[in-house]
Amino acid sequence: MPLISSSSYQPSSLLFNGHLETILPGILRKVTDVSFSRERINTPDDDFLDIDWIKNDSKKLVIISHGLEGSSDRPYMLGMSKIFANNAHDVLAWNFRGCSGEINKQLRFYHSGATDDLGTIVQHAASHGYEDIYLIGFSLGGNMTLKYLGEQGDNLSELIKKAVVFSVPLHLHGSSQEISKAHNILYAKRFLRNLRKKVKDKAALRPGDLNVDPLSTISTIIEFDDEYTAPIHGYKDAIDYYNQCSSINFISDICIPTLIVNALNDSFLSEECYPFELIKTLDQVFLETPKRGGHCGFPGTNEEGHYWSETRALEFISQD
């Protein structure tokens, strides 16, 4: 598919770098008039997932997946939910394991490649009689979405028609290295603070199953993934986890129209997350690379209060 280099995103002149475009939407944006109805569903391994619905009696549904240490109540999730709910879609915004405000029961957490949980969500949604389902993902949730689509390939449910993902770390090792660099230290510290707390909470819930001692010496995401994410979820080490779960290894098998939007000034993404030459060889995958936008940012509202990422997703999904 052709690369989309001439993006329509126009940032505010006041937001003069990617960090401002990343941070300010999460701090300052308030999305109103979004009313979710929560449902808890069981997983095949006797755990649970909390999902938040907006139901308009539509036959069209969007399933929205959040990013690392996110949840359904983040502004980017609320904004995306609102625009689709206001345009004749039902919405399912789901929370990864341990991200809904309650720690999950099993030893495992969520991770970038946990497509079994996304599959559980899709299967549950399909049972509601929808005719068209669309997938939207942000960051880690975008990687999970692309991996899921590639894994399913020709076997993907015919109900799933299109997908849009934003700020995707398609190459997990490269992105983990990027987020550990000095210019990203504030983000890395926040992520690690939250992840340490979850390990401690899980250790309290399951005494004897987790050793919390290494937490005091872990200083990077890679070290955390090496000590916890990889072994808990069946990978040899962090590198094995990254290699097996990076969506760049799966996008060639995607069989539905899919739009990847990665801003060129996204400080979380490595060079490998912009696979220009690979995309040129694919039939169903588009890559749009705005010069600006930050990570899960793209701030600047239209007259209805929607961010550019939200109008872009609706445009792509709605077009014939």
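Trainee: Which residues in H5 meet Ile221, Ile222 and Asp225 in H7?

Mentor: This is a predicted model, in which local features need pLDDT of at least 70 and side-chain atom pairs count only at pLDDT 80 or more, while totals for chains, interfaces and linings use all residues. Residues are numbered from 1 along each chain as its sequence is written, and side-chain values use heavy atoms, without hydrogens and water. Contact means heavy atoms within 4.5 Å. In H5, the residues that meet those of H7 are His173, Ser176, Gln177 and Ile179.

Trainee: At what angle do the axes of helix H5 and helix H7 cross?

Mentor: Helices are DSSP runs (H or I, at least four residues), numbered from the N terminus, and axes are lines fitted to C-alpha atoms over the stretch in contact, with angles from 0 to 180 degrees between N-to-C directions. The axes of H5 (residues 172–179) and H7 (residues 221–232) come within 8 Å and cross at roughly 130°.

Trainee: Why is the pair of Tyr187 and Phe268 edge-to-face?

Mentor: Rings of Phe, Tyr and Trp (its six-membered ring) pair if their centres lie within 6.5 Å; planes under 30 degrees apart count as stacked, over 60 as edge-to-face and the rest as tilted. Here the centres are 4.8 Å apart, and the pair is edge-to-face because the planes stand at 65°.

Trainee: Are Tyr187 and Phe268 buried or exposed?

Mentor: Buried means under 20% relative accessible area, exposed over 50% and partly exposed in between (1.4 Å probe, protein chains only). Tyr187 lies in helix H6 and Phe268 in a loop, 81 residues apart. Both Tyr187 and Phe268 are buried.

Trainee: How is the aromatic pair of Tyr235 and Tyr241 classed?

Mentor: Tyr235 counts as buried at 14% relative accessibility, and Tyr241 does at 4%. With 5.5 Å centre to centre and 45° between the planes, their pair is tilted.

Methods:
Helices (H or I, at least four residues) and strands (E, at least two) are DSSP runs, numbered from the N terminus.
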